Each structure stands twice: as structure tokens, then as C-alpha cells.
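This briefing is meant to be read beside the structure, and it moves from the chain as a whole to individual residues. Please keep the sequence at hand while going through the points.

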Amino acid sequence: KIHAAFFSPVDRLYLPAANWSEARQMYAQLEQRYPQRRLQLHPLETLQQALQDRNLVEWTRPGYIQRINGLLRRKRNRPLLQILTVLILLALVFANQPSIMAWIDRTPAQFIFRGQQMVARNEAGHTLWKYQFAFKPNGPAYTIKDGTILVDDLDGDGKAETVLGTNEPHQPEQSAVLYAFSAKGKLLWPPLRLGRSLQTQAGDSITDFYHTNKIVLAPFKPGQPGALLVAIAHGDSYPSCLALVSSDGQVASEFWNAGHIIETVGADLDQDGDPEFLVGGYDNETDSAWMAVFHANELQGAAPRSNPHYILAGMPTARPSLLLRFPHSPFWQPGGHRDHVSLIEPVGNSIKIHIGNAALLYGIMNNIKFVMYIYLLANDLKSITLHDPPDYLFAQYLTRFKEPLTSFDVQRLLQVERWNGSEWVPFPASYGTAAPSHEGNR
């Protein structure tokens with residue numbers, strides 16, 4: 001052993017203490033012939049002494065996978081392993097059965113109103129929870145599609161909460177009230193009524209009678225509590241309001257507009273972690289479509305107006321990051337057929353702003369929102385483009401007015417304006433193609 005260790009790469013040799021003297025003699029003879037070789041001899045009296053020597057034994061704690069492997073390899077654990085395998089297979093089989101999945105699905109998708117009661121059901125029609133109102137709700141006014149009901153994870157717990165905003169034209173005291181429900185149908189906070197009585201600079205009184213237009217979830221940084229953007233409109237007059245409601249049911253800020261707020265979207269345009277709120281609708285003073293971009297701290301005040309009948313007394317003018325006013329469309333007519341922003345879509349590096357008109361909305365498409373044309377606003381909010389108007393716009397114009405839509409009419413659509421904090425200034429749009437390509441319709 002001495003010879004084998006001496007002529008090997010090892011630098012230590014452990015041997016019984018009883019052989020120490022004999023080993024030292026042999027090692028001395030070898031060392032004399034090969035003085036450059038160094039081999040350390042360590043005498044051991046007990047096995048415990050060897051285990052305590054860290055030069056000899058390296059102790060490594062086994063990982064979780066090694067422990068599980070060791071556990072499963074033991075014969076006494078094999079019956080338990082077989083039982084677990086059977087249970088997992090049964091769970092997979094049952095989980096793929098539609099009837100079983102229907103009971104597992106806890107996300108409300110349908111809301112049934114029976115008298116004063118609201119019943120929340122999942123996609124398969126199974127009842128999840130019920131709530132009893134203190135009044136009889138106007139059931140047809142409440143759907144997820146129309147935006148008066150929002151189903152989403154408000155607090156990041158992975159469960160679907162529900163928010164309902166009331167629209168009760170015959171019960172003003174019950175209208176524009178927010179109800180927020182937990183995943184089990186319990187109220188998250190007391191019902192919150194939005195809107196208030198107002199007065200214009202001309203002395204016009206505006207009663208406290210509003211209804212909910214749309215509810216969306218405001219995107220905030222991961223880990224932050226969620227918030228709601230709620231658009232309400234006056235029942236028989238022009239004011240509308242976009243309220244930012246905190247996760248505990250408090251109104252954090254409000255933006256007011258003379259004309260309905262139709263579209264609300266949240267998006268992080270500049271990818272800085274702070275969301276922007278994109279808002280659009282129409283202006284009752286000029287019958288123009290408008291669109292604004294707010295940061296959370298800018299959502300306050302009222303949209304700029306010049307007529308005292310449309311200026312809310314005691315309310316400062318809003319200062320959003322961007323406020324645009326679009327030129328009248330070819331379908332605009334004084335006193336009716338107003339233009340409006342019907343849809344806002346953040347797509348890639350731009351924002352699609354869909355412009356609609358009431359003449360087409362009600363007269364042609366049977367209450368389906370009819371988009372006339374689209375503007376593309378850059379995410380940096382510095383430029384805007386008019387997308388090439390579709391052929392049906394020219395065809396519908398020819399049908400309705402018995403004359404073709406001219407290139408001059410299309411050029412007028414480029415005359416977009418921007419509010420600079422004190423007045424409206426030009427923010428001209430470029431054209432999406434080199435020239436309008438609808439010569440046949442002209």
C-alpha cells in the first residue's frame with residue numbers, strides 16, 4: 001500500500017495507527033531515493049476519527065430531487081407511490097370532462113336578474129353566487145359586452161372579482177352607483193355613487209342624475225393594487241365624467257367633459273411602467289370628435305370650452321399629456337349626426353383612433369358602431385396619420401348625398417388640432433398613402 005500510494009497522484013494516505021511505525025520506515029526509504037515526492041501519512045485509531053477529518057470526507061446535503069428519488073426507491077414506499085399515481089390519473093381524467101370543468105370554473109360570464117336579485121353564472125351556466133339589491137335593477141342595461149359590468153382580477157389574487165355600474169333611467173337615486181363583488185359575491189366596499197350636482201359659468205344648474213357608460217381596469221405596475229376607470233354620463237344633459245376609483249372604493253380623481261365619454265383604454269405607451277389613460281368621445285359645444293392621453297396624476301379638471309354654457313363653474317381646465325380635436329367628417333351636419341371617437345386601440349408603436357358618425361351608426365348598420373376612417377397616433381404623441389379611408393366611406397357618401405366625395409373633402413380631414421394649454425393649435429395629420437385611391441367613387 002505504501003508503494004502504491006507513493007507512486008500515485010494522491011497526496012495523503014490514511015492507515016491504521018497500529019501500522020504507523022512500519023509505514024514510516026518504508027516511507028523513509030522511498031523518500032531517500034525520491035526526495036522531491038511528498039506523501040502525507042495519517043494514522044487513524046477509529047472510523048469516527050476518519051469521518052471527522054474534512055480532508056478525507058466531504059459531506060454534501062442531497063438535493064430535493066435526490067431525496068425524492070431515494071424515497072421512491074425504498075420498497076416500503078412503493079404502495080404509496082402506486083396510490084398517488086392512480087389518484088393523479090383519475091384527476092387528469094375528471095379534469096378533462098366538461099361537466100367537471102364547469103364546476104371548477106369560478107369566473108362569472110353571465111348575469112341573470114330576477115326581481116331585486118342578481119345571479120352570477122359561469123360559462124356553462126352554473127350559479128356561482130347571488131346578490132340581493134335594495135331596488136329592482138334594469139336587467140338589460142347590464143352586460144360585460146356593453147362595459148357596465150367588469151369581470152377581472154382586481155387585487156392580483158388570481159380570482160375574478162366583479163364590478164357593476166348602475167344605469168337606472170327611472171330611478172335616478174340608484175343610477176351611476178358602483179358595486180364591487182369578491183369572487184364569492186361579497187361586497188368589497190359599500191356601494192359608491194359617482195357624479196354630483198354642478199353649475200355652469202352661465203348659471204345653468206345640472207342635477208345629480210348620471211348613468212354608467214363603461215368600466216375598465218386601469219393597468220398599474222405589478223404588485224400595485226388595481227384601480228378602475230369609470231365613465232359616467234348625465235341622464236338628460238351634456239356633462240360626463242371619467243373617475244379613477246382606487247382598490248378600496250375611493251374616488252382618486254375626476255375628468256369632466258361637455259359631451260359623452262365613449263371610449264376608455266389603459267396602456268403603457270412608453271414602456272416606463274406607468275400607464276397612460278386613452279380617452280375619447282365627442283364635444284357638445286363643437287360637435288367634434290376628440291381624444292386625450294392622460295397620466296394618472298393628470299386626470300383632473302374639465303375639457304377646455306369657450307361657451308359659458310359648457311364651462312363648469314369652479315373647475316380648472318384639464319392639462320392632459322395630449323388633447324386632440326378632429327375636423328368634422330363629410331357626414332357631419334349642424335344639430336345632429338355628430339362625429340365621435342368610437343374605439344381606441346393601442347397597436348404596436350401607434351394608437352388606432354376610430355372615428356364614427358351617428359348618421360351611419362343609426363341609419364345604416366342597425367345600431368352597430370360604424371367606423372368611417374381611422375387615425376394612427378404615434379406612441380410618442382408627436383405625429384398623427386390619416387389611414388387611407390375605405391371604399392365604403394366613398395360609396396356611402398355617394399349614396400346618401402348623391403354626389404361624390406372629393407379629394408378636397410379628404411384633405412380637410414388632415415386638419416387635426418391640439419390643445420396647448422391655452423388655445424387650439426394645428427396638429428396636421430399626414431396621409432397614409434401617397435394620394436387617395438378612390439378615383440372610381442369620385
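The coordinates come from a predicted model, and the protein chain in it has nine helices and 26 strands. Of its 442 residues, 43% count as buried.

**Overall make-up**

- Among the contacts in the protein chain with a separation of 6 or more, 50% are accounted for by residues 24 or more positions apart.
- The protein chain exposes about 24100 Å², and carbon and sulfur atoms supply 54% of that area.

**Nonpolar cores**

- The largest nonpolar core has 34 residues, and those with the most contacts inside it are Met291, Phe326, Ile351, Ile353, Ile355, Tyr375 and Leu377.
- At least two residues of this core are supplied by each of the strands E16 (261–267), E18 (288–295), E19 (322–325), E20 (339–347), E21 (350–357), E22 (371–378) and E23 (384–386), and likewise by helix H8 (391–401).
- Strand E22 gives the largest share of this core, namely four residues.
- Once neighbours within four places in sequence are left aside, Phe326 is in contact with Ser288, Ala289, Trp290, Met291, Val341, Ile353, Ile355, Tyr375, Ile384 and Val416.
- Another core, of 25 residues, lies apart from the largest one, and Leu154, Leu192, Ile232 and Tyr238 are among its members.

- Asp409, which lies in helix H9 (residues 407–412), is buried yet has no salt bridge.
- The nearest side chain of opposite charge to Asp409 is that of Arg412, 4.1 Å away, whereas a salt bridge would require a distance within 4 Å.

**Exposed loop positions**

- Most residues other than glycine have a negative phi.
- Gln271, in the loop between E16 and strand E17 (276–283), has a positive phi near 55 degrees, and this residue is exposed because its relative accessible area of 65% is over 50%.
- Lys402, in the loop between H8 and H9, has a positive phi of about 60 degrees although it is not a glycine, and at 67% relative accessibility Lys402 counts as exposed.
- Lys145 has its place in the loop between strand E5 (127–132) and strand E6 (149–152), and counts as exposed at 81% relative accessibility.
- Lys145 and Lys214 are 69 residues apart in sequence, while their C-alpha atoms are 9.8 Å apart in space.

How values were computed:
Residues numbered from 1 in each chain as written. Predicted model: local features only at pLDDT ≥ 70, side-chain atom pairs only at ≥ 80, totals over all residues. Heavy atoms only, no water. Core = buried A, V, L, I, M, F, W, Y, C linked by side-chain atoms within 4.5 Å. Buried < 20%, exposed > 50% of the residue type's maximum accessible area, 1.4 Å probe, protein only. Contact = heavy atoms within 4.5 Å. Lys, Arg positive; Asp, Glu negative; His and termini not counted. Areas by Shrake-Rupley, 256 points an atom, 1.4 Å probe, with all protein chains shown as cover.
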